[in-house]
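Please read them with the structure open.

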Amino acid sequence: MIIRLKFKVLLIFSAFILIIGLYLSFFADNAHVVTADSNKDFIKWVDFRVSYDAMDKALKADIASVDEDVKLNWVELLAYLGTRYGGDFARYKSKDMDVLINKLKNGTSIEELTKDLKHYGYYFEAYSAVLGNFVGPYEIQVKDENDSSKKVWVKKYGLKVFSPIAAGYGYSHYDDFGNSRSYGFRRVHLGNDLVGSVGTPIVAVETGRIEALGWNQYGGWRIGIRSLDNMRYYYYAHLRKDHPYVKTLKEGDIVYAGDVIGYLGMTGYSRKENVNNINTPHLHFGMQLVFDESQKEALAEIWIDVYKIAKLLNRSRSSVAYNKDTQESERIYDIRFHNVPERTLHYNTEPAVAP
Ligand SMILES: [Zn+2]
């Protein structure tokens, strides 16, 4: 009797396992199909032509509305107008954004406003890829009002990305994206050149992971940093001869927005390492969008015009000071974020060990 019962249980159990197995294989197949389909769906190209004035106005509206009943989202504002202009912000009028903001403040949702705009989804996704992580809450140190030798932490909401040029260092730039370059093969300029003095501290624009660090025959000493959401790859090139970047930095390290990563220089255009072959000292600053890993390399790369972004970031400069012990420039006011892994810190000397 007991044996028969056990046999029955075994039979039911086996049937159960079989059904589960069939189920799993069915879903596994489906998952595979979905992956294959979604590979065709990612954005293949972005021509980022949002004007400085539009970004400036949308950013201010977003920040000003943080405690209001209707919280405005600057990326939504820009994506709505971008859809209306077919991406061409030469058509931008400040009045258009006022009209949109009024509609939103009067209770019409962005979903209602965009339900008949076929391309809104594309512009929202494209502009989110560029600007989506630029604004949010963060904590930063500021000078203590009562004692200027001390620093205190304050909570803020706003731009949490920085200009690549440290505070107090001069630079000049113009929109040079797409200009032709003659070194090597004929190619176009895929970034913005910030002309300044050799040794100017270069800071990380956004928090991210160092993906490339070393010599490249075009960029010279260069650093490539990937945003933590993997959407943006920041490229900082032509760094200083002999001491191009903060010595302790390694590939794989996490750096925070506003951290000093290296120094402006004139290296590059040489197969040989550590050679100054650039005429005018400058930082080449570039931003690549990555919707799919296949876009990381060669022909599928999407580099956007960052001139207007660099201009926007000028309002957010990281203050730095020279540290004689480490012989590096270091940020003065530290920053913290929620849900972001700790930055990687290496020490030049062994930390003191308790006896
Ligand atoms: Zn350049």
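1. A residue is called buried if 20 or more other C-beta atoms, placed from the backbone, lie within 10 Å of its own. The model is a predicted one, in which local features need pLDDT of at least 70, side-chain atom pairs count only at pLDDT 80 or more, and totals for chains, interfaces and linings use all residues. Residues are numbered from 1 along each chain as its sequence is written.

2. Helix H3 (residues 74–84; helices are DSSP runs of H or I with at least four residues) has 9 of its 11 residues buried, so it is largely enclosed by the rest of the structure. Among the buried residues are Trp 74, Glu 76 and Tyr 80. The buried residues of H3 pack against H2, H4, helix H5 (110–114), helix H6 (120–131) and strand S1 (135–143), contact being C-beta atoms, placed from the backbone, within 7 Å.

3. On the H2 side the contact includes Met 55, Leu 59 and Asp 62, while H3 contributes Trp 74, Leu 77, Leu 78 and Leu 81.

4. For helix H2 (residues 52–64) and helix H4 (residues 94–105), the angle is about 25° and the axes are 10 Å apart, and therefore H2 is roughly parallel to H4. From H4, the contact draws on Ser 94, Met 97 and Ile 101.

Notes: Axes fitted to C-alpha atoms, helices over the stretch in contact; angles between N-to-C directions. Helix = DSSP H or I, 4+ residues; strand = E, 2+ residues; numbered from the N terminus. Parallel < 35°, antiparallel > 145°, perpendicular 65-115°, else oblique. Contact = placed C-beta atoms within 7 Å. Buried ≥ 20, exposed ≤ 12 C-beta atoms within 10 Å, placed from the backbone.
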